[in-house]
Amino acid sequence: MDSVSTVPARAVTPLLEDFSLEMTGKDVPKLEEARATIPPGTRINVTFLGNEDLRMRLNAARAVKRFGFVPVPHISARRLRSRETLEEFLDALRAEGLADNVFVVGGDPATPEGPYDDSLAVIRSGLLQKYGVRHVGMSGYPEGHPAITDPVLWSAIEAKAAVLGEQRLPGSVITQFGFDIDPVLTWVEAVRQRGIGLPVRIGVPGPAGVRRLMGYAARFGVGTSASIAKKYGLSLTNLVGTAGPDRFIRALAERYDVERHGEVKLHFYTFGGLKATSEWVAGFRAKDAKDTQEENWGGARPGAAGAR
């Protein structure tokens, strides 16, 4: 039996409190379909992709707020064509009460489309505070980045944390998703050893087809060796199957140590499957809540002989 199957439910359940989700500008219909299974007040990140425009991003952020969730619009530094483009976006967010939380990322373009080389340049601009931003999210890469060396990544996260501290802006880190908890926790511990105390949201793939997960993993440089796949519950010989993050989350619960890892929460990359992800979380939480009750009863069910 896998050791993580014996992790007490009471250790797993707290990790599923205050989780966050991710959607694209095109996912508003999917958000409406999934809204009943998403806890009120859930933080939902809205991407800043090259095939989206200002109207789509704003409509998605509006929908998140309208349905009772917390919008976290992304700002892709390298996709910003000018300072005016950034100000236009921030001004539109502020006008509709959507600017409290943002997530700033470098973005995919190899060459910046405007004056911002990276997310640090956006943070340093001072425009976030000017337009009412109160919390800034940033990226973390436990398994590295396909186009950026580890020393550069460490320098960047340290600099961003320092600048946010100077600006007195609260922040947090969302990691790239992965299938192996070992490099994630090693990386989080290294973050703490470098004096960075920001809360970390560990990126987790929502339930999806194995072929789809493999495609995203290859795109983002996530390790997918046979041993890692087996540990996560993926079958590289059955690409038509589906997989959820059950084992990953139970392994995290087994090894998470608040003294070493600090504040840790979960962020689900939904890959368009908002309803599938939110239903999976709800089902997982319900099962663990039942298991926790049984643990508290010492294995006895209500009404059983000797139960009190």
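Which residue follows helix 8, and what is its phi?

Modeller: The model is predicted. Helix 8 is followed by Gly195, which has a positive phi, near 80 degrees.

The helix itself covers residues 181-193. With 13 residues, helix 8 reaches 18 Å from its first C-alpha to its last, close to the 18 Å expected at 1.5 Å a residue.

An α-helix has 3.6 residues a turn, so residues three or four places apart point the same way. The largest nonpolar core of the model has 73 residues, and those with the most contacts inside it are Leu31, Leu128, Leu266 and Phe268. Helix 8 gives the most to this core, namely seven residues. A second, separate core has eight residues, among them Phe103, Phe179, Tyr269 and Phe271.

For Leu128, the contacts beyond four places in sequence are Ile75, Leu90, Val102, Val104, Val122, Ile123, Val133 and Val136.

Arg192 is buried but has no salt bridge. The nearest side chain of opposite charge is that of Glu263, 7.0 Å away, whereas a salt bridge requires a side-chain nitrogen within 4 Å of a carboxyl oxygen. Backbone oxygens do lie by the side chain of Arg192: that of Leu198 is 2.6 Å from one of its polar atoms, and that of Glu263 is 3.3 Å from a polar atom of the Arg192 side chain.

To return to phi, most residues other than glycine have a negative value. Elsewhere in the model, Asp18 has a positive phi of about 55 degrees although it is not a glycine. Asp18 is in the loop between helix 1 and strand 1, and it is partly exposed, with a relative accessible area of 39%. Arg168 likewise has a positive phi, near 60 degrees. Arg168 is found in the loop between helix 7 and strand 6, and it is exposed, with a relative accessible area of 79%.

Key: Residues numbered from 1 in each chain as written. Predicted model: local features only at pLDDT ≥ 70, side-chain atom pairs only at ≥ 80, totals over all residues. Heavy atoms only, no water. Helix = DSSP H or I, 4+ residues; strand = E, 2+ residues; numbered from the N terminus. Buried < 20%, exposed > 50% of the residue type's maximum accessible area, 1.4 Å probe, protein only. Lys, Arg positive; Asp, Glu negative; His and termini not counted. Polar contact = N/O pair within 3.5 Å; in protein donor to acceptor, adjacent residues only side chain to side chain. Core = buried A, V, L, I, M, F, W, Y, C linked by side-chain atoms within 4.5 Å. Contact = heavy atoms within 4.5 Å. Expected span 1.5 Å × (residues − 1).
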